[in-house]
Amino acid sequence: MKRIKSILLIEDDEITNFLNQTVIEETGIADEVIVALNGQEGLTYLQSIKCPEEFPTLILLDINMPVLDGFSFVEEYNRLPLVKETSTKIVVLSTSSNSTDMNQMRSLGITTCLLKPLSETDFRKVVAEL
């Protein structure tokens, strides 16, 4: 399986972050996992990037978070100047199976939604589709 440079994990729950990070690291697929505790932290990190090659290959995004939720994150993300030059894939990782939430994410261009916690099988499938 191919390796990916980096993953940005945006999740407000530290235990879930630990579990997801463990799954990712145990696969040995990603060189780096960057963790943001809400959408604003994730956005701030991405705004600090100077060239499209430095963007993460994959963003795993929770929907329901304080400060800036997943929906607002995607809206702001799509406004970033370098986004059009990247091939970053955003995958929703949520406990919500609410069809309204999923439809709203689809309307924002997000087509892959996984249920938490991240499983190794789901993670490998997402990476294979990159």
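1. The structure is a predicted model, in which local features need pLDDT of at least 70, side-chain atom pairs count only at pLDDT 80 or more, and totals for chains, interfaces and linings use all residues. Residues are numbered from 1 along each chain as its sequence is written, and side-chain values use heavy atoms, with hydrogens and water left out.

2. Helix α2 spans residues 39–47 and helix α3 residues 70–77; their axes come within 9 Å and cross at roughly 20°. This makes α2 roughly parallel to α3 (angles under 35 degrees count as such). Axes are lines fitted to C-alpha atoms, for helices over the stretch in contact, and angles run from 0 to 180 degrees between N-to-C directions. Helices are DSSP runs (H or I) of at least four residues and strands (E) of at least two, numbered from the N terminus.

3. The α2 side of the contact (heavy atoms within 4.5 Å) consists of Gly 39, Gly 42, Leu 43 and Leu 46, and the α3 side of Phe 73, Glu 76 and Tyr 77.

4. In helix α4 (residues 99–107), Asp 101, Met 102 and Met 105 are buried (under 20% relative accessible area, with a 1.4 Å probe and protein chains only). These residues lie on the same side of α4 because they cover an arc of only 95° around the axis, taken from the directions from the helix axis to the C-beta atoms. They pack against β3 (58–61), α3, β4 (89–94) and β5 (112–115).

5. On the other side of α4, Ser 99, Thr 100 and Ser 107 are exposed (over 50% relative accessible area). Just after this helix, Gly 109 takes a positive phi of about 95°.

Note on methods. Angles under 35 degrees count as roughly parallel, over 145 as roughly antiparallel, 65 to 115 as roughly perpendicular and the rest as oblique.
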